[in-house]
Amino acid sequence: KQDDEDGDTRYSMFDGRQRLASIKGFIENSRGEQWSASKTQEKNGTCNSFVLQDLTILKHFENHSFKDLPKREQNRIKNFNVRCAVIPATWQMADYLDFFKRIQGEACFWQSS
């Protein structure tokens, strides 16, 4: 947590960044440079856009961008609640690991060094 020059409080994210970036990219129809095109995207000519492809469920939304979705579905995505935990700056690595074990379940394989 830190305050910027405008007095706004900013937080650092250490888990979930890729998921949130994907949601933002889908809504804005912008693919990150780090995302390479799949064979399906190359075949469909959708390399530079962010469309749903290779769906195993909701197949009727295949090749839809965010703006192609019905308003109801757009609103469901925009209004989805994201749970966040603010971690105290005083925590040590062991505290982080204990926290992750509790929220991720015992399947967490991280170990402190």
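This text walks through a group of aromatic rings and then one serine in a loop.

The model is predicted: local features need pLDDT of at least 70, side-chain atom pairs count only at pLDDT 80 or more, and totals for chains, interfaces and linings use all residues. Residues are numbered from 1 along each chain as its sequence is written, and side-chain values use heavy atoms, with hydrogens and water left out.

Start with the rings. Rings of Phe, Tyr and Trp (its six-membered ring) pair if their centres lie within 6.5 Å; planes under 30 degrees apart are stacked, over 60 edge-to-face, and the rest tilted. That rule gives five aromatic pairs. Take W91 and Y96: their ring centres are 5.9 Å apart and their planes stand at 75 degrees, so this pair is edge-to-face. W91 also pairs edge-to-face with F99, at 5.6 Å centre to centre and 65 degrees between the planes. W91, Y96, F99 and F100 make up one aromatic cluster.

How accessible are these residues? Buried means under 20% relative accessible area, exposed over 50%, and partly exposed in between (1.4 Å probe, protein chains only). W91 has 24%, so it is partly exposed. Y96 is partly exposed too, at 25%. F99 has 14%, so F99 is buried.

Now turn to S65. It sits in the loop between α2 (39–44) and α3 (71–78). Helices here are DSSP runs (H or I, at least four residues), numbered from the N terminus. S65 has a relative accessible area of 4%, so it is buried. Leaving aside residues up to four places away in sequence, S65 touches F26, N29, F50 and V51. Contact means heavy atoms within 4.5 Å.

Note on methods: Helix = DSSP H or I, 4+ residues; strand = E, 2+ residues; numbered from the N terminus.
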